[in-house]
Amino acid sequence: MKRKKKVKSEAGDVSQRTSKLRQELASYLRQERQVLQHHWVRQMRASNLLRDTPLEELKADFAAFHHTFADCLETGEYEAARSLARSMAQPVGRGRITTARIIDSLLALRDVHWRSLFEKYQSDVELLAAALDLCFSVADRLLALVVLGIGVEQATASQQEIRRLRILVKTGMVLNAKLSLPAVLQRIANMACKLVGAEYGALGVVDGKGGLSQFITAGIDEKTKSAIGPLPVGKGILGVLVRAAKPLRLKDLRTDLRAHGFPPNHPPMKSFLGVPVVSRGKVFGNLYLTEKQGAEEFSEADEAVAMTLAVQAAIAIENAGLYGELHRSYQELKRSQDLLLRQEKLASLGRLAAGLAHELNNPLNSIAGFVEALSRRCEADSLRASREFEDFPRFLSIVQTEVDRAAAIVRRLLDFARQREPSLEVVDLGMLVSKSVAFVDRQAAVANQRIVVERLRVSIRVRGDPQMLQQLLLNVLTNALDAMEHGGEVRIAVGITRARHGSLGQADMVTLSIADNGCGIAPENLSKIFDPFFTTKEVGKGTGLGLPICLSIVEQHEGTIEVKSEGVGKGTTVIVKLPVVEKMED
């Protein structure tokens, strides 16, 4: 019973929030009426849907559409939509306005509403999503009711016109479906073939360089696609459409001098209709239709229908781009926030580490001095002869060892806190790797460990601080050797990749990979390895400063560092990427 009451209460809260959002959106759209009207008229003109319609008549149409939409949005009732359908049926019957024009007008209205809401709520992603979902739902239902209402009022309409209406309504609703862009474009291409009676259809998306980035076909099965081979790149008749960006109808495209013919295994095609996919004056691609069924060529009515569908395709492509840009901006903002937090954390820890290091240095120096003095006194013959003092040299040696270890930790703390600016020069990476391996190779051999350096096919030079880069390599190599207590192999490989690098855009990056087959890293610890003082080593065997220092060095050299491990016992790979200054064949 309590659960039912809770569910009922939650449902009431949702309904109340939805009602409040409806009123807020309706009020906002009414206030923005003049601005929205301007954008609507401009979009209709850019889509070549107005022709010679007087401006006053356009304003009257917009007022009727906009007022009806706001009423339906605010109340959640659709009697106003039915009234609009009845009022529009008579002008449609007289030929003053077409049903396709009404659909285009309502879809354009939804588009300008969408853009206005996006600009208003783009700083609040959740509220934006809720507003757009509600707006799209009302727009689609309004569109369906108006179009179907006109269809009922126009009882003398032919079966072909009714069929076209249904598919056009369905096409508009496709844009609100949660589908990927290729899936939406595929449905539009399929519906275009049905509406104009074409055997084949295609939708090409331009790449901004005069060619096509996508080419979605309809009416051609996968086997035929494979037999045809590579998709077109925007030449011949398709290239004419890409460049001209205006409708093109041909009775027989095979006789057109601009045609390049068909590749082997391509189905024969004669009649042709192509229209540009345009939104707000920007060309996103073209809609192609061939082989008119039941006639020798496509008609002007077919062209008008194709233009309507092309507008929907343009909106889908543009919306996908806007959503993609919003997502990228959000991810970039999140990365920037994470970086700022981490840098602030490292800076605070650096200041703390510097203070601790200086405070510890004085007592450590005093202890070291007294240990040295006591060691000299232990060499006296009188003390050596006394059994009470025979363990003193060993005890003092242990103290000295621990003092040296503490001093080493203090030095690493100072290295972490110092964050000095690198002294940049051109560094031969191959020589740097060889020198670094030479430092630890003997130690590795004694512990039954092997370091393998794969031969570099090119001589690679980077701009960096040799000392800092060597410290980076030694830290990573030491970690790799420590991870192989019972012997093993460390493999070092160097390569070059082409990747995006900050303000440089695409640039050559050297990839330095250091992989061991040691103890590996547990998945839950991978996200912590660059945190200062975090270590998985036993007490006394690690400070947890090696990798944070490596990260700091890499970032100062405008590079990246990544650590990969499939789990405990499966080894670890450290990948460092740095910008390349020069590469030369050996």
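Reply: Cys-135 lies in helix 6 (residues 125-153); helices are DSSP runs of H or I with at least four residues, numbered from the N terminus. This is a predicted model, where local features need pLDDT of at least 70, side-chain atom pairs count only at pLDDT 80 or more, and totals for chains, interfaces and linings use all residues. Residues are numbered from 1 along each chain as its sequence is written, and side-chain values use heavy atoms, with hydrogens and water left out.

Me: Why is Cys-135 called buried?

Reply: Buried means under 20% relative accessible area, exposed over 50%, and partly exposed in between (1.4 Å probe, protein chains only). Cys-135 has a relative accessible area of 1%, so Cys-135 is buried.

Me: Which residues does Cys-135 touch, not counting residues up to four places away in sequence?

Reply: Cys-135 touches Phe-69, His-113 and Leu-117, where contact means heavy atoms within 4.5 Å.

Me: What makes helix 2 oblique to helix 5?

Reply: Helix 2 (residues 33-46) and helix 5 (residues 99-121) pack at an angle of about 130°, with their axes 9 Å apart. Angles under 35 degrees count as roughly parallel, over 145 as roughly antiparallel, 65 to 115 as roughly perpendicular and the rest as oblique. Helix 2 is therefore oblique to helix 5.

Me: Where do the axes of helix 14 and helix 15 stand to each other?

Reply: The axes of helix 14 (residues 429-446) and helix 15 (residues 466-482) come within 9 Å and cross at roughly 35°. Axes are lines fitted to C-alpha atoms, for helices over the stretch in contact, and angles run from 0 to 180 degrees between N-to-C directions.

Key. Helix = DSSP H or I, 4+ residues; strand = E, 2+ residues; numbered from the N terminus.
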